[in-house]
Amino acid sequence: LATLPAPSAMSTSMSVPASQTSFTAGSTIHVEVWVQTSHANGLSSASLDVSFDPSLATAVAITHSSVFSTLTHAVINNGSGTVDDLSGSHLGPCSDAIALAPNWARLAIIEMTANADGPLTLQSLSSGSPVYGTAVCAIGDVDPAQISYGTAAVQIGDVPIPAMSAW
């Protein structure tokens, strides 16, 4: 996951963009979801959930990348602080080897609004969906236990100053 003030220009890259780690309340946070595999065939689909603290941020919109633009899906649930089943597929030939390490491919961008001051942690995790999943091209589904999910941490507003005592 990469947190940025504006979306990055590329949907594929040899490195994930460096995150901005502080935002002001009221600003927009673009959470880019990047995926990668070590399997020579590359990925044909990717699916995951993203959790966040809904008292600090609100998910506003999802934009799937041009790479994973087929069979797209996502459900924003601000009440529970999740984007559920963020999914997309690439139905090109396996010779395309999408997101083959060391290369990365952007699955989607989650546009969020920073609502209140505090430390915001975004966590990607298995979607648990029986419909949407992550798959290697021409091989099939990947066991979620074999996937390394990521996090991103940002500070919204000023860094809190610890309480001081005077004697």
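A residue counts as buried when its relative accessible area is under 20%, and as partly exposed when the value falls between that and 50%. With that in hand, let's look at this predicted model, starting with its cysteines.

**The disulfide**

The count comes to one disulfide. Cys94 is joined to Cys137, with an S to S distance of 1.9 Å. The angle about the S-S bond is -85°, which makes the link of Cys94 and Cys137 left-handed. Cys94 sits in the loop between strand 8 (82-89) and strand 9 (104-114), while Cys137 sits in the loop between strand 11 (135-136) and strand 12 (140-141), so the bond ties together parts that are 43 residues apart in sequence. The two partners fall into these accessibility classes:

| Residue | Relative accessibility | Class |
|---|---|---|
| Cys94 | 28% | partly exposed |
| Cys137 | 8% | buried |

Cys137 is classed as buried because its 8% relative accessibility is under the 20% cut-off.

**The nonpolar core**

Now for the largest nonpolar core, which has 31 residues; Ile29, Leu107, Ile110, Met112 and Leu120 touch the most other members. Several strands supply at least two residues each, among them strand 4 (28-35), strand 5 (43-51), strand 6 (57-64), strand 10 (118-125) and strand 13 (151-156). Strand 9 gives the largest share of this core, with six residues.

Leaving aside residues up to four places away in sequence, Leu107 touches Val33, Val35, Ala46, Leu48, His64, Ser65, Phe68, Leu86, Ser87 and Gly88.

Note on methods:
Residues numbered from 1 in each chain as written. Predicted model: local features only at pLDDT ≥ 70, side-chain atom pairs only at ≥ 80, totals over all residues. Heavy atoms only, no water. Disulfide = S-S within 2.5 Å. Helix = DSSP H or I, 4+ residues; strand = E, 2+ residues; numbered from the N terminus. Buried < 20%, exposed > 50% of the residue type's maximum accessible area, 1.4 Å probe, protein only. Core = buried A, V, L, I, M, F, W, Y, C linked by side-chain atoms within 4.5 Å. Contact = heavy atoms within 4.5 Å.
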